[in-house]
Amino acid sequence: MIQYQHSLGELNSFRVSAKAEAYLALERLDQLALLSDWRNRPNYILGGGSNILLAGDLPGLVIHNQLKGRRLVGQDQEFVYLEVAAGENWQELVLYSLANNWAGLENLALIPGSVGAAPVQNIGAYGVEFSEVCHLIQAWDMQQQRFCKFESTDCQFAYRDSIFKSLYPGRFIICSLVLKLRRQPSYRLDYGNIREEIGDQPLSIRAVAEAVMRIRRSKLPDPKELPNAGSFFKNPLVAQEKLEQLLAQYPKMPHYRQVDGRLKLAAGWLIDQAGWKGKRMGAVGVHERQALVLVKYAEARGQEIVQLAEAVQQDIAQKFGVNLVPEVNYWP
Ligand SMILES: Cc1cc2nc3c(=O)[nH]c(=O)nc-3n(C[C@H](O)[C@H](O)[C@H](O)COP(=O)(O)OP(=O)(O)OC[C@H]3O[C@@H](n4cnc5c(N)ncnc54)[C@H](O)[C@@H]3O)c2cc1C
């Protein structure tokens, strides 16, 4: 049933108060047919709310994906194919894969949110991205009012991006995914200090996931204790020429070469260098240990976080000539 003037305060990890004009808890696929009246209105597909910033009340319909279920749909010598409904919790899926000894998700442990949101920004952590385990995505097309399927190659997965995020926000309600998980692990240990964290424990996917979880818990503020949406900005990509200019001034600036020849800079390093780490603007601020994370210390409107983000963006543009783009989705 559609509810009107629904409060979203408990449904986003910044715990910002805002209302949706209309709200539907999507628990069954047959509810999708009821959405045709809303196809020409703004609509917002909500999962765990850990990558959104509610900048104000939302006109239109919020579709809160709570579809549940998972089942094995195929297997061969190398892979198992696991279908998972979009409303399942990502971390529970990671734990389920570990319990079955299926590899591929161990580096992506403890990322908050739902399974259905994972393809949207092609979640990534510790050297692994969602695209590497994606086999198939099944979605409801709000415009055409029908189901459709996307193979991994259709999704234009890129760094924190896909067609669902940049080309068609709000159009496709991802209903389920088929993941391709390995029977034999292919370890990725060279990112961050996973190797050091594992130490002399026997190597296993569980040991990797536990190391990742320990590192994450020590570095990132828990949104339940200090509301936040994880990394607020994407790491910027620059051309070689720009990097050389920056290195002349900041020889220690971290940078990572990408396959397309561009260089990825660390947004957190830039924000830290510019003196923002630990700074507050009223009830919101830049986290004391993680400059890439904006946090809400006390009751605040979404607009206050927007203003802080804009102040950081302007300062970084002025000091380094680099544009920071939010990773977090602003609604509306
Ligand atoms: C502490 C913390 C740490 C984080 N660490 C990481 C990290 O390491 N790596 C990383 O990549 N991200 C990270 N994030 C960001 C976030 O966890 C991910 O982006 C996650 O996938 C968001 O899931 P969600 O269900 O909360 O999505 P929501 O915030 O509800 O939605 C995010 C976007 O996905 C869309 N969406 C959600 N569900 C669907 C669906 N079923 N169909 C279509 N569109 C949908 C929404 O419309 C919105 O645009 C972190 C966040 C926090 C708070």
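In the predicted model, Phe320 touches Lys242, Leu246, Tyr250, Met253, Trp269, Leu270, Gln273 and Ala274, leaving aside residues up to four places away in sequence. Phe320 is also one of the residues that touch the most other members of the largest nonpolar core, a set of 50 residues. At least three residues of the core come from each of domain 1 (3-65) and domain 3 (228-320). In soluble globular proteins, nonpolar side chains tend to be buried together.

The chain is divided into three domains: domain 1 (3-65), domain 2 (70-218) and domain 3 (228-320). The centres of domain 1 and domain 2, taken over C-alpha atoms, are separated by 24 Å. Across this pair of domains, 16 residues of domain 1 are in contact with 16 residues of domain 2.

Helix H4 consists of 15 residues (205-219). The distance from its first C-alpha to its last is 21 Å, close to the 21 Å expected at 1.5 Å a residue. The buried residues of H4 are Ile205, Ala207, Val208, Ala209, Ala211, Val212, Met213, Ile215 and Arg216.

Aromatic pairs number 16 in the structure. Trp140 and Phe147 form an edge-to-face pair, because their ring planes stand at 75°, with the centres 4.9 Å apart. Trp140 is buried, at 8% relative accessibility, whereas Phe147 is partly exposed, at 45%. Tyr250 and Trp269 are likewise paired edge-to-face, with 6.2 Å between centres and 85° between planes. Tyr250 lies in the loop between helix H5 (240-249) and strand E15 (255-257), and Trp269 lies in helix H6 (residues 267-273), so this pair ties together parts that are 19 residues apart in sequence. Both Tyr250 and Trp269 are among the residues touched by Phe320. A cluster linked by ring pairs is made up of Phe14, Phe232, Phe233 and Tyr330.

Charged side chains also meet aromatic rings. Lys264 lies over the face of Tyr159, 3.8 Å from the ring centre. The charged end of Lys279 sits over the ring of Trp276, at 4.8 Å from its centre.

Two glutamates were examined individually. Glu327 is located in the loop between H7 and strand E20 (329-331). With a relative accessible area of 8%, Glu327 is buried, because the cut-off for burial is under 20%. Apart from neighbours within four places in sequence, Glu327 is in contact with Asn51, Gln121, Arg160, Lys165, Ser231, Phe232, Phe233 and Lys234. Of these contacts, Phe232 and Phe233 also belong to the ring cluster. Glu310, in contrast, is placed in helix H7 and is partly exposed, at 40% relative accessibility. Glu310 and Pro326 are 16 residues apart in sequence, and their C-alpha atoms are 9.7 Å apart in space.

How values were computed: Residues are numbered from 1 along each chain as its sequence is written. This is a predicted model: local features need pLDDT of at least 70, side-chain atom pairs count only at pLDDT 80 or more; totals for chains, interfaces and linings use all residues. Side-chain values use heavy atoms; hydrogens and water are left out. Helices (H or I, at least four residues) and strands (E, at least two) are DSSP runs, numbered from the N terminus. The expected span of a helix is 1.5 Å times one less than its number of residues. Buried means under 20% relative accessible area, exposed over 50%, partly exposed in between (1.4 Å probe, protein chains only). Rings of Phe, Tyr and Trp (its six-membered ring) pair if their centres lie within 6.5 Å; planes under 30 degrees apart count as stacked, over 60 as edge-to-face and the rest as tilted. A charge sits over a ring if NZ of Lys or CZ of Arg is within 6 Å of the ring centre and within 35 degrees of the ring normal. A nonpolar core is a set of buried Ala, Val, Leu, Ile, Met, Phe, Trp, Tyr and Cys residues joined through side-chain atoms within 4.5 Å. Domain bounds come from an automatic or database domain assignment. Contact means heavy atoms within 4.5 Å.
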